[in-house]
Amino acid sequence: MWTLRRSIPRMSIDALIARLDAYDADPSAVRLRTRSYELLGDPAGLVADVGCGAGLAVAELAERGVQAVGVDVSEQMIELARRRRSGADFRIGGACDLPFGDGELAGYRADKVFHELADPTRALAEARRVLMPGGRIVLVGQDWDTFVIDSSAPELTRRIVHARADQITSPRAARAHRSLLLDAGFQDVAVEVHTAVFTGQRAEPMLGMLTAAAEAACTSGVVTRAEADGWLAEQRDRVRSDRFLLAVPMFVAAATRPPSRTA
Ligand SMILES: C[S@@+](CC[C@H](N)C(=O)[O-])C[C@H]1O[C@@H](n2cnc3c(N)ncnc32)[C@H](O)[C@@H]1O
């Protein structure tokens, strides 16, 4: 059963925003967003950024001359987006119940969103409904099962990464983008994988994510408290001594809404 998550606890939204802001500023994230905009083509009409968060992509698309609208299920995110990007169009809505009519959109983009969806298939059926024939869809997302973390305890690291992935609603949605798009009847489906690498000064903001992963593993009983604390202590040391490395595969899938007669 699909449920709308209209309200996120204040602490968790602040932590999420801080992490997204740190990631967004990273040059690899800038390149990835730029690539996602290129893959939208030259949209002849409205483009929706679904799960828009604080609205950065909506602002960047507008700078490129695209008529963009941000949609998010979270009221707090939409409030924040409106505060940060006054004048831009933001609407509350769920990925399976978008506030658009049939064929209203020339483009659909969702970045780091599908892993949060319990039913990605239903979201793509909705994407197809709101896209016009020939409209473009671009999905960007991380694969939570394949985070690469340099550590002196690789087996423990694997347990921690997988325990965190197991807490995510659809942790492997990104590797399934291609199949999901094909199953939903999209055409010209293409996939790229870009690796986000965090070392040096980019490492510090990622410690929060690793702490969450270690906590997840501890809570689910996959590692002991002592193992989690020892593992985190090593990662903090690595940040201090510039020996930290986190690499995350980012999947980008793009496709075209077919003409109605082949629908
Ligand atoms: C990890 S954030 C990514 C935000 C933004 N796309 C970015 O790249 O920075 C995921 C966003 O998806 C939103 N979201 C989660 N489930 C959603 C749903 N069912 N429909 C629409 N938005 C959703 C969350 O509220 C959050 O803003």
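Predicted model: local features only at pLDDT ≥ 70, side-chain atom pairs only at ≥ 80, totals over all residues.
**Ligand shell.** The ligand is surrounded by 17 residues, and the closest of them are G51, G53, V73, S74 and A95.

| Helix | Residues | Buried residues |
|---|---|---|
| Helix 3 | 56–63 | L56, A57, V58 and L61 |
| Helix 4 | 75–84 | M77, I78 and A81 |

In helix 4, the buried residues M77, I78 and A81 cover an arc of only 95 degrees around the axis, and they therefore lie on the same side of the helix. The buried residues of helix 4 pack against strand 2 (68–72) and strand 3 (89–92), whereas E75 and R83, on the other side of helix 4, are exposed. As for the backbone just after helix 3, G65 takes a positive phi of about 85 degrees.

**Nonpolar core.** The largest nonpolar core of the model has 70 residues, and those with the most contacts inside this core are V50, I137 and I160. Strand 8 (residues 246–256) supplies the largest share of the core, namely eight residues. Which residues does V50 touch, not counting residues up to four places away in sequence? With that exclusion, V50 touches V71, A95, L98, Y108, R109, A110 and V113. One of these contacts, A95, is also among the residues closest to the ligand, and V71 belongs to strand 2 (68–72), against which the buried residues of helix 4 pack.

Key: Residues numbered from 1 in each chain as written. Buried ≥ 20, exposed ≤ 12 C-beta atoms within 10 Å, placed from the backbone. Helix = DSSP H or I, 4+ residues; strand = E, 2+ residues; numbered from the N terminus. Near = placed C-beta within 6 Å. Arc of directions from axis to C-beta. Contact = placed C-beta atoms within 7 Å. Core = buried A, V, L, I, M, F, W, Y, C linked by C-beta atoms within 7 Å.
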